[in-house]
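Me: Hey, can you walk me through this one? I'd like to go topic by topic.

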Amino acid sequence: MRFVRRAWILAWKDLTIEWRAKETLNSLFFFALLLIFLFQFALGPDRERLSAALPGLLWLGFILSGLLGLGRTFAGERDNDCWDGLRLAPGEKSAIYVGKLAGNLLLMLAVEAIFLLLFGVFFDLDLVAALPGLALVVGLGTLGLAAVGTLFAAMTAHVRARELLFPVLLLPVEVPVLLGTVKATEAVLLGEPLGSVAHWLKLLAVANVIYLTIGVLTFDVVLDG
Amino acid sequence: MKDATELLVHVAGLRKAFGATLVLDDVSLSVRAGETVALLGANGAGKTTLLRILATLARPTRGTAVIAGFDCVREPERVRERVGLVAHGTLIYEDLTAEENLRFWRVLSGGRALAADLREALAAVELEPYAGERVRSFSAGMKRRLSLARVVLARPQVLLLDEPFAGLDQRGKKWLEEYLHAFKAGGGAIVMVTHSFGRQLSVADRIAILGGGRIALDRPRPSVTADELARLYALHTEDAP
Amino acid sequence: MWFSTGSRGLTRVLGWLAALGLLAGLVLALGVAPREVSQGNVQRIMYLHVPSILTAYLAFAIVLVASLGYLVSRRQAWDRWAGSAAEIGTLFTGLTLASGSLWGKPTWGTWWTWDARLTATAVMFVTYVAYLMLRGMIDEAERRAQLAAVLGILAALNIPLVHFSVLWWRTLHQPPTLLRPVPAALAGIFRLTLGVNWVAFTLLFAYLLAKRIRVGRLSEAGLP
C-alpha cells in the first residue's frame, strides 16, 4: 500500500505541476496539429494516397509526440534540482517508475485523443465505429511506448547529448510496437474483427509484460546506481 | 532518550576517486549523538563529496561509512530513513505551494502527511503564513527555510548540512542556530560543512579540517581560538608539494 | 597481476586457430564447393553472410549474460565483456548487412529489400549501435556499466520481439539454412563449407573478443 501511495503522490505532483504550468500539454497539442499539416503537405492533396497511409501516419504522430513528451519525464526534477531528492526519499525506487509511468500514460493518452480528433476532422475519418478496437490497440501501444520511454528518460537524464540519445535509444527498441500497432490499427479502421489481428495483440501484450518487468526490476539501478 | 555516547556517524578509511582524480584519500571521522562537527576545507577539498557519500548519493571507492549502525553502501535505504540533507539544491518544486512541497516529500519518503504535521513544520521555520503560496514567489531565504522544514518533518537522527547559514538573513541565522542547538539536545548528530569562521561555528562541538584528502585536524572547538583556527586552516589547506 | 602469460597465450592460440579456420573456409568456399545452379558464384557470399549473423547472435547472447552478471555481482570484468562483445557483434552485424546487400544485388536486382530477415538484422544493428552510443557518452566507468547493463538486457530480450514482428510484417527471404532440420535445398558439401566457415568465424570472434577485453582491461588499469 505504501508503494501505491508513493507512486500516486509522484503522479499527483507531476499532474498538478503540469496542470498549473500547462507547458507540456499545450505544446504537444499544438505539435499534433502541426504534424497533421506536415503529413498533408508531405503526402500531397491526393486523398487516396493519404488514406492508405493513415494508420502509419497516426502512429508516426503518436511516436513523434511521444518522443517529445517522454523525453521530458524528468525535466521537472532537472529544472528544480530535485533529482537527488528522488534518490534520497527512502523506499523502493520502482514506485517512482510506476508513478512517472502513470503520469506519462495520462499525458500521452490525452495527446493521442486530440490527435484522433484532429485526424477525424482533417482527413474526414469516421472513427466512431472503430472506437472500441482502436482504444484497445492505442492502449497497448501507448503502454509499450511509455514503459520503455520512462525508463530511458531516467537513463539518459544525466548523460551527454541526452535530447539526441533518447530518441536514438527508444526508436529501435519500439520497432515491434510500431509494427504491431500499425497493423492492428489498419485492421480496426477497415472494420475487420479483432480476432484477425490477435497475434499482433498478443505480441504487444507480451512486449508490455517484458518492458514493464524490466522497468520495475531495474529502475533502482538506473536512478540510483 | 538516546545514549549520549552512541556513535551515529562513523567513517573509516574513506577513499573516493573520480577516474584518475583522487578527491578523498583516507578519511576517518566519528560523530556521536548530540555532537556537531564543523567541516572546513578549501574549495575542491572534498567536503561536498564526503557529505554526499554520507547521504548515500555517492559511493566511496574504498572504506566504510556507517550512519546509525547502517552501512551507506550496503543499506542505503535504511540510512536515508535516518538522514536529512540540506545542501545546495533546495529540493523544492517551484510550481507547488509550500505545503504541497512538504506533503510530496513526506509521502514519497513513506510517511503520512497529516495537515497538522505539515503546518507544524512550516510554523517551526516561520513559514506558516505562506503555506498556500507557490514557492516561485519565495525569496532565497524562504526557500532555504522551506528546505529545512522538509528535513524537520522527517525527524532525522543525523543532519548533513552544506553551508546552511548561507542565504539567510540575521533573523534566519539566529533561528537556525537555535534549531541546531535543539536538535543536538534531542540526541541528533550534525555534520556541517561551512566556509565561515564566524559565530555560526558556535554550534559546533568539534572542528575538522579536510585537506589533502584527509582529516588534517579534528579538535574540540573550545580548544581553538579564532586566530589559531585561521592559522591552522591556512596550514592544512595548502596543497602538498 | 592483471595480465598473465596464460591469457596472452590463449589469445595467440585462438588467433592461429582462427587464421587456419578462415583459410580452410576460404578454400572450401571458393575452390571446393561447387557453383550453385540458379544463383551462380554470387551464392558463395552465403559462406560469409550466414556465419557473420550467427556470430553476431553469439556476441549479443554474451552481452545479455554479461549484463546480468554485472548487475548481480557489480564486478567491472562483466562490463568489459559486455562492451567488447557488443562492439564486435555490431561489427559482424554490419558485415552481415553488407554481404547480404552484395548478395542481393545480382540475385534479386536491388541493393536492399525490406524482407523479414534483413530488416530484423538491420533493426538489431541500429539497436546495438545505440547501445554503443550510450556507452560512449558516459565517462564514469561504474555508471556506464550500470546503465549499459540495463540497456543490454532490454535490447537482448527485444530481439525475439523484433524477429516475430518483422516476420509477420513481411516474408520474402529464403527459409533459414543450417538451423532448420535437414534443408533439402542444401547438399552435403554446401553444409560442410558453411559449417567450417561458421567455426572459423566463431574462432575469429573469440580471438577479437579476447584482444578487445585485454585492451579494455589495460586502459582501465592505468587508473587508481
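**Loops, helices and a chain contact**

Reply: A:D124 lies in the loop between α6 and α7 (131–156) of chain A. Helices here are DSSP runs of H or I with at least four residues, strands are runs of E with at least two, and both are numbered from the N terminus. This is a predicted model, where local features need pLDDT of at least 70, side-chain atom pairs count only at pLDDT 80 or more, and totals for chains, interfaces and linings use all residues. Residues are numbered from 1 along each chain as its sequence is written, while chains are lettered from A and ligands numbered from 1 in the order in which they are written.

Me: OK, what's the phi of A:D124 near?

Reply: Phi of A:D124 is near 55°, which is a positive value in a residue other than glycine. For background, most residues other than glycine have a negative phi.

Me: And is A:D124 buried or exposed?

Reply: A:D124 counts as exposed, because it has 9 C-beta neighbours inside 10 Å. The cut-offs go by other C-beta atoms within 10 Å of a residue's own, placed from the backbone: 20 or more is buried, 12 or fewer is exposed, and in between is partly exposed.

Me: What about A:D81, where is that?

Reply: A:D81 is in the loop between α4 (75–79) and α5 (83–88) of chain A. Phi of A:D81 is near 60°, again a positive value in a residue other than glycine. A:D81 has 15 C-beta neighbours inside 10 Å, so it counts as partly exposed.

Me: Switching to helices. At what angle do α1 and α6 of chain A cross?

Reply: Helix α1 (residues 2–21) and helix α6 (residues 94–122) of chain A cross at roughly 40°, and their axes come within 8 Å. That makes α1(A) oblique to α6(A). Axes are lines fitted to C-alpha atoms, for helices over the stretch in contact, and angles run from 0 to 180 degrees between N-to-C directions. Under 35 degrees is roughly parallel, over 145 roughly antiparallel, 65 to 115 roughly perpendicular, and the rest oblique.

Me: Which residues of α1(A) meet α6(A)?

Reply: Among them are A:F3, A:W8 and A:L15 in α1(A), and the α6(A) side includes A:A95, A:G99 and A:L106. Nonpolar covers Ala, Val, Leu, Ile, Met, Phe, Trp, Tyr, Cys and Pro; charged covers Asp, Glu, Lys and Arg; the others, Gly among them, are polar.

Me: Now between chains. How many residues of chain C are in contact with chain A?

Reply: 27 residues of chain C are in contact with 23 residues of chain A. Contact means that the C-beta atoms of two residues, placed from the backbone, lie within 7 Å.

Me: Which element of chain C gives the largest share?

Reply: That's α5(C), with 18 residues on the side of chain C that touches chain A. By class, that side has 21 nonpolar, four polar and two charged residues.

Me: How does α5(C) pack with α10 of chain A?

Reply: Helix α10 (residues 198–224) of chain A and α5(C) pack at an angle of about 180°, with their axes 10 Å apart. That makes α10(A) roughly antiparallel to α5(C). Including A:L203 and A:I214, residues of α10(A) meet residues of α5(C), among them C:L154 and C:F164. The contact has 14 nonpolar, four polar and no charged residues.

Me: Where's C:K105?

Reply: C:K105 is in helix α3 (residues 76–108) of chain C. C:K105 is partly exposed, with 13 other C-beta atoms within 10 Å. Leaving aside neighbours within four places in sequence, C:K105 is in contact with C:T110 and C:W111.

Me: Last topic, chain B. How many helices and strands?

Reply: Chain B has seven helices and ten strands. Buried residues make up 48% of its 241 residues. One residue to look at is B:C72, in the loop between β5 (70–71) and α2 (76–82) of chain B.

Me: Is B:C72 buried or exposed?

Reply: B:C72 counts as buried, because it has 25 C-beta neighbours inside 10 Å. Beyond four places in sequence, the contacts of B:C72 include B:I53, B:V66 and B:V79.
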